[in-house]
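Work through the exercises below with the sequence and the model at hand. Each task is followed by a solution in steps.

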Amino acid sequence: MELDVFLFGAGASAPLGLPVSRGFLKGFKPKNTNILRLFLKYTKARNQEELDIEQVFALLEEAIRSQTSLVFYIFEPNSGWNPTGGWKRVSTPQGIIKSVNEEVGSILRKFFNSAQEFYTELKSYILKVLSEFSAENAFNFYWSLFKDYPFKEKPLLIFTTNYDLVIEDAFLDEDQDIRKE
């Protein structure tokens, strides 16, 4: 049996007014703008509308996942990596090193907490944007693409790599002879 498969890539919902991965952050107003400025600087984007939402999520997830403890080294003559001197790992921070460890650790914890809050805020924003979208309009748009398809003779298979579920939701209408698998 021969099957027809229709592939919808990223941006398939753009004709319906949903933003693509770049442009999704156009109306996003985070509480903590410091992290947003870091993303703009790191990615060399001119403004937040140019930021790629997928890249932002990847960077946030990496920052959140990379929470590790600090390891300190001191330079000592005649030790470490070469005979004329080198770096030696400090196993238990004491004195000034302990103070630096606590201060730097505190700064890093604040950054990781800010990254986590930004991540949560960004996900809430995306859900808000997607929830304000009309599935009925999506159905009408996508149905117009397939209305002449011979459904009775063979199934319509749609494969999507889109970040949203607009295509899937559009075809959940119970009145049509369409089912989602």
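Helices (H or I, at least four residues) and strands (E, at least two) are DSSP runs, numbered from the N terminus. The model is predicted, so local features need pLDDT of at least 70 and side-chain atom pairs count only at pLDDT 80 or more, while totals for chains, interfaces and linings use all residues. Residues are numbered from 1 along each chain as its sequence is written, and side-chain values use heavy atoms, with hydrogens and water left out.

**Exercise 1.** Determine which residues of H1 are buried and how they are arranged about the axis.

Solution. Step one: the buried residues are Ile 35, Leu 36, Phe 39 and Leu 40. Step two: viewed down the axis of H1, these fall within an arc of 145°, so they line one face of the helix. The arc is taken over directions from the helix axis to the C-beta atoms. Step three: Lys 41 and Tyr 42 are exposed on the other side of H1. Step four: an α-helix has 3.6 residues a turn, so residues three or four places apart point the same way.

**Exercise 2.** Describe the lining of the second largest pocket.

Solution. Step one: on a 1 Å grid over the protein atoms alone, a pocket is an open set of points where a 1.4 Å probe fits, with protein on both sides within 12 Å along at least five of seven lines; lining residues have an atom within 4 Å of a point. Step two: helices H1 (33-43), H2 (53-65) and H3 (95-131) each supply at least two lining residues, and H1 gives the largest share, four residues. Step three: the lining divides into nine nonpolar, no polar and no charged residues, where Ala, Val, Leu, Ile, Met, Phe, Trp, Tyr, Cys and Pro count as nonpolar, Asp, Glu, Lys and Arg as charged, and the others, Gly among them, as polar.

**Exercise 3.** Identify the salt bridge.

Solution. Step one: the criterion is a side-chain nitrogen of Lys or Arg within 4 Å of a carboxyl oxygen of Asp or Glu. Step two: Arg 46 pairs with Glu 50, the closest N and O atoms being 2.5 Å apart.

Note on methods. Buried < 20%, exposed > 50% of the residue type's maximum accessible area, 1.4 Å probe, protein only.
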